[in-house]
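Work through the exercises below with the model open. Each task is followed by a worked solution.

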Amino acid sequence: AVEQVVADGDYAAARIPFVGTHAGEWGGIAPTGRRVSVTEMFFCRIEAGRLAECWQEWDEHGLRQQLTAPDPAGG
């Protein structure tokens, strides 16, 4: 479910929660079976009524913390 959308001219941004169960290997981390929740944000440019470009950011650090894995950035 989309939590929030903001639009300005040819650009739109959306904040979307991601919720799931860590059931497969991810980033070298063996499955933990833990339920996880992180937020993703999308920033898109629209041209002629269609998506022309889209960028995505998400909370990888928060996900790694939930899986109790060391953060490769040293955090």
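A pocket, on a 1 Å grid over the protein atoms alone, is an open set of points where a 1.4 Å probe fits, with protein on both sides within 12 Å along at least five of seven lines; lining residues have an atom within 4 Å of a point. Grid points are joined across faces, edges and corners, and a volume is the space filled by probe spheres set on the points. The model is predicted: local features need pLDDT of at least 70, side-chain atom pairs count only at pLDDT 80 or more, and totals for chains, interfaces and linings use all residues. Residues are numbered from 1 along each chain as its sequence is written, and side-chain values use heavy atoms, with hydrogens and water left out.

**Exercise 1. Describe the largest pocket and its lining.**

Step 1. Take the volume. The largest pocket has about 180 Å³.

Step 2. List the lining. It consists of F18, G20, T21, H22, A23, W26, V36, V38, E40, W58, L63 and L67.

Step 3. Sort the lining by type.

Step 4. Assign strands. Strands (E, at least two residues) are DSSP runs, numbered from the N terminus. β2 and β3 each supply at least two lining residues.

**Exercise 2. Trace the strand pairing.**

Step 1. Two strands pair if DSSP finds at least two bridges between them.

Step 2. Start with strand β1 (residues 4-8). It runs antiparallel to β2, joined by 5 bridges. Q4 stands opposite R15 in β2. The hairpin of β1 and β2 has 2 residues between the strands, and G9 takes a positive phi near 60°.

Step 3. Move on to β2 and β3. They pair antiparallel over 11 bridges. T21 has R35 in β3 as its bridge partner, and A14 has F42 in β3.

Step 4. Finish with β3 and β4. They are antiparallel over 8 bridges. Their hairpin has 2 residues between the strands, and A48 in the turn has a positive phi of about 55°.

**Exercise 3. Which residues does the disulfide join, and are they buried or partly exposed?**

Step 1. A disulfide is a pair of cysteine sulfur atoms within 2.5 Å. The structure holds 1 disulfide. C44 is joined to C54, S to S 2.0 Å.

Step 2. C44 lies in strand β3 and C54 in strand β4, so the pair ties together parts 10 residues apart in sequence. C44 also stands opposite C54 in β4.

Step 3. C44 is buried, at 11% relative accessible area. C54 is partly exposed, at 40%.

Notes: Helix = DSSP H or I, 4+ residues; strand = E, 2+ residues; numbered from the N terminus. Buried < 20%, exposed > 50% of the residue type's maximum accessible area, 1.4 Å probe, protein only.
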